[in-house]
Amino acid sequence: MRTAHLLRRTFCSLAVLAATANAQVVISQVYGAGGNSGATLTNDYVELFNRGNSSVSLTDMSLQYASATGTGNFGATATQLVTLSGSIAAGQYYLVKLAGGAVGSALPTEDASGTIAMAAGAGKVALVTGTTSLGCNGGSTPCDSAALARVVDLVGYGSANYFEGAAAAPTISATTAAFRAASGCTDTNVNSADFSTGTPVPRNSSTALHVCGVNGPVSISTATVLTDATQGIAYSQQLVAAGGSGSFTWSVVSGLPASGIDLSASGLVSGTPTAPTTVNFTARASDSGDSSNFAEKAFSLTINSNVPTCTVTQNIWQIQGSTATSAYAGQSVVTRGIVTARKSNGFFLQAPAPGDGDSATSDGVFVFTSSAPPVAAAVGNDVCVAATVQEFSPSTDPNSPPVTELSSSPVVTLMSAGNALPPAVTITSADTLVNTLDNLEKYEGMRVQIPSLTAVAPTQGSVSEANATSTSNGVFYGVVTGVDRPFREAGVQLPDPLPSGASCCVPRFDANPERIRVDSDGQSGGSVLDVTTGATITGLVGVLDYAFRTYTILPDPGSNPGVSGNISATPVADPAANETTVGGLNVERFFDTVNDPSVSDVALTATAFNNRLNKLSLLIRNVMKAPDIVGVVEMENLSTLQAVAEKLNADTVAASLPNPNYQAYLVEGNDIGGIDVGFLVKSSKVNVVDVTQFGKDTTYVDPGTNQPALLNDRPPLVLRATVTKAGSSTALPITVIANHLRSLNGVDDPADGARVRAKRAAQAEYLANLVQARLTTNPNENILLLGDFNAFSVNDGYVDLMGTIKGTPTPASQVVLASSDLVNPDLSELEDTLPAAGRYSYSFDGNAQSLDHMLVTSTLLPRVNRFAIAHVDADFPEVYRNDPNRPERLSDHDGEVAYISLPDTLDVTADCHVVTSGFVHSRLTNLDSAAITVKNKSGATIHGPVYVFFDGLPSGVTLANATGYLDGTPYLLVSATDLPNNDKASAAMRISNTGSSRISFTTRVVAGSL
């Protein structure tokens, strides 16, 4: 065993390991591509060899692996360490079987096994004493003296940064292993000198002993008939000898070189065959230490022709046809074409130009291989494919239009290599604006190009909630530049069937077939493009696939499309001094760091939680401009919302601005995922009257069971408040209702859709009835509804949620589950005040849409000066989630802000003399009429307009001709202009008295803007 010291030195940025003594047990062979595409063997392996003259116990020894240049340590995990056992005799081999796959031949019986998955070309393997990790990797974490003392043998191969001697062992591959010279006997402590590559030949403890230094006669063990070669394809096979000193020099006796094949001194038969033939040759293996000790053997190598025959039964364009489905579906076919692109589960095949010359039939098709496509299906290869035609729709989306594929274990035969790819067909706006789902069927599977594409939805990705990070998947949506951005339209999406019993005239959404999906790394070797909405992508060239109900371009690797015009979030406008702002925002599953066992939440790391707090603070303060009231959706609990409030307050003060003193309000609901609705309220400006949750225990009848079921997962939360402009004598009362209704998921499900539709309709009706009940009690209540309604601005064809809530339900003939008109007067959708291009808060599969809404009563609508959507999330790629110092992509929903005018008045009651004339009763109108006169006795002009409020009217007594109401109190305009000193202004008043009370009231005079 290696007992001498180990020397670490560094040169050319490599950590190098050398030794002054040689190990008795060494690593004699390494193979790391087991089971990979084109692999010779199914499993990785490491072969050990006892080059000494006595047996060695392997007890308390282990084999440890580390990547070539990574930061992980040797044996850091159970999948990087194999514990050894038994013993290894002098001259005996010991085979350790490691991780593998499905490709290749099986290994001989192993002597030990583990789950190490070595890299195919480069890595580091150490034989060490002890069964715990070395705790180092020789690169980013150097090995100290204690670790070095445990190293028995080390092999760094390929680009490894840690190895014995001056350089690493050679790079290996799917068809080559690294061999220690002299059948394992050579150990100069220089990996590059001790190892060469050759065809993998794993040896185990049953292999004949090879005792080093015992110079028996040399013998050649390789079979006489070598593995066949193929014309034009690189070939190699290692010849193996035994005996002698264990180190051999190979030479040709006769027959080579021939037809591009030759033999190296290391015994490697290799080359690229030039012609089909049989090469017969004789090779000699001489003992490197005694040239008189040699063996000779005759070999035969058959070189097969590389011009196989292909009897085509159908050309690709015949298979595709001119319709959406193939006439040959379910039939076996043989076809031929050029491989234009590879994916992880198949490849694209296209007929050479000009195909059939028919623009209605595609010349390309996808060949589904399930796993990695065969080596023969390299891009540019002309191949013959025998397969079965199928029309494929995903099992998860059976209603999806199918894509024509060749499948059922296709047989692929190489005809020739290095062919030019068919030219790409240009997709034009006219192609995409054909309003059918199969508008690009004529190009399906073909190489296409779009000179200029405009992104209409950003690059997607996968989210790690616990870490608040994302990984891009390279997928985004666009349209040919010049085509309008697609929006979700009314109706049930085509081609989904309508539920049984649906009404006659339910509208159908055409799915916006002008959309183009781009999977930027969809081809093997492709690179991710991360883009925002509005970006321009130029030079887009690749194959046309079909996925997620959308024609999808897979860009060619190395084509490097240009990207320009990525955008950033644009803040909404600052509010005016006489405005209050109300915002709404879905913060997307905003959880804390604690795992709540009562719900299915996610516990964030402390870093992730703080990062989300920072992004949300930036979004609310800088993009939404710190609304006075913020309705928050998908917040875990009150303590988490309080943490948000504290962060907002602290960051505002840190920015040298007055403390807004945001306060948090949240009441837990019923959601099994642990998310609720709540409010953030600026206590510095807003006076909260009360916050009340409604409908927590309300039920509806589940049509699947005919039993009551809980209705509101996230019950509506009602905030009543007053807001007063600084210096004004009059406050504005406002009621804000925060909502988060049930999602659309499953609305079309054949089994569960009826329940989903019934629940969505019942929630909308509950909310409509809640609003109507409040308006019945107080017709002048200023109500604003906000939140994530999980409903489009248009009728989705199943349930018209927004129409029901607004009081404008879709007629029963145009929706699967209709509702009655429950609200009068109707509510107004503030989004309708925006230009059409800005009416969205969400993006799904490239369709801009609104799931978030603000609705107001007719009494509040005149006070809404403007409305804005803070486009800060829906237009931005998922990877922006990773940056805590930018506001974009906190969530997948945009925020909304309403700007509401506040009264700006002075109470001038003390400066005025108010006189009411005697009442005159009219039997015709049943009203009591009088004149009210206001005289300015202040000594100065009162700036108008001037109003008189009538406080304390008894029950049944109302001001029939009121100019308006504020907080339930009627008022009359007595002067629209200034009222000079000692001047009077009068107005007629008409009182309705439906009870027996005496008409009485107290007048209050205010001047200014209401």
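When the bonded cysteines of the protein chain are numbered in sequence order, they pair as 1-2, 3-4, 5-6 and 7-8. The rule applied here takes a disulfide to be a pair of cysteine sulfur atoms within 2.5 Å, and by this rule there are four disulfides. A disulfide is a covalent bond between the sulfur atoms of two cysteines.

The structure is a predicted model, in which local features need pLDDT of at least 70 and side-chain atom pairs count only at pLDDT 80 or more, while totals for chains, interfaces and linings use all residues. Residues are numbered from 1 along each chain as its sequence is written, and side-chain values use heavy atoms, with hydrogens and water left out.

**Disulfides**

| Disulfide | S to S distance |
|---|---|
| Cys-185 and Cys-212 | 1.9 Å |
| Cys-310 and Cys-384 | 2.0 Å |
| Cys-504 and Cys-505 | 2.4 Å |

The link of Cys-185 and Cys-212 is left-handed, with -90 degrees about the S-S bond. It connects distant parts of the chain: Cys-185 belongs to the loop between strand S14 (177–180) and helix H2 (191–194), and Cys-212 to the loop between strand S15 (195–198) and strand S16 (216–220), 27 residues apart. Helices (H or I, at least four residues) and strands (E, at least two) are DSSP runs numbered from the N terminus. Both Cys-185 and Cys-212 are buried, a term that means under 20% relative accessible area, whereas exposed means over 50% and partly exposed lies in between (1.4 Å probe, protein chains only).

The disulfide of Cys-310 and Cys-384 is right-handed, because the torsion about its S-S bond is about 75 degrees. Cys-310 lies in the loop between strand S24 (290–304) and helix H3 (316–320) and Cys-384 in strand S28 (residues 382–392), so the pair ties together parts that are 74 residues apart in sequence. Cys-310 counts as buried at 18% relative accessibility, and Cys-384 counts as buried at 7%.

The link of Cys-504 and Cys-505 is left-handed, with -85 degrees about the S-S bond. Cys-504 is exposed, with a relative accessible area of 65%, while Cys-505 is partly exposed at 43%. A further cysteine, Cys-912, counts as buried because its relative accessibility is 8%.

**His-893**

His-893 is found in the loop between strand S55 (864–870) and strand S56 (895–901). Its relative accessibility is 4%, so His-893 counts as buried. The side chain of His-893 makes a polar contact with the side chain of Asp-852 at 2.8 Å. A polar contact is a pair of N or O atoms within 3.5 Å; within protein, one must be able to donate a hydrogen and the other to accept it, and residues adjacent in sequence count only if both atoms are side-chain atoms. Not counting residues up to four places away in sequence, His-893 touches Leu-585, Asn-586, Asp-788, Ser-841, Tyr-842, Leu-851, Asp-852 and Asp-873, where contact means heavy atoms within 4.5 Å.

**Cavities**

The structure holds three cavities of 30 Å³ or more. A cavity is a set of points, on a 1 Å grid over the protein atoms alone, where a 1.4 Å probe fits but cannot get out; lining residues have an atom within 4 Å of a point. The largest cavity has a volume of about 110 Å³. Its lining has 14 residues, of which Leu-437, Arg-515, Tyr-546, Arg-549 and Thr-550 are the closest to its centre.

Technical notes: On a 1 Å grid over the protein atoms alone, a cavity is a set of points where a 1.4 Å probe fits but cannot get out, and a pocket is an open set with protein on both sides within 12 Å along at least five of seven lines; lining residues have an atom within 4 Å of a point. Grid points are joined across faces, edges and corners, and a volume is the space filled by probe spheres set on the points.
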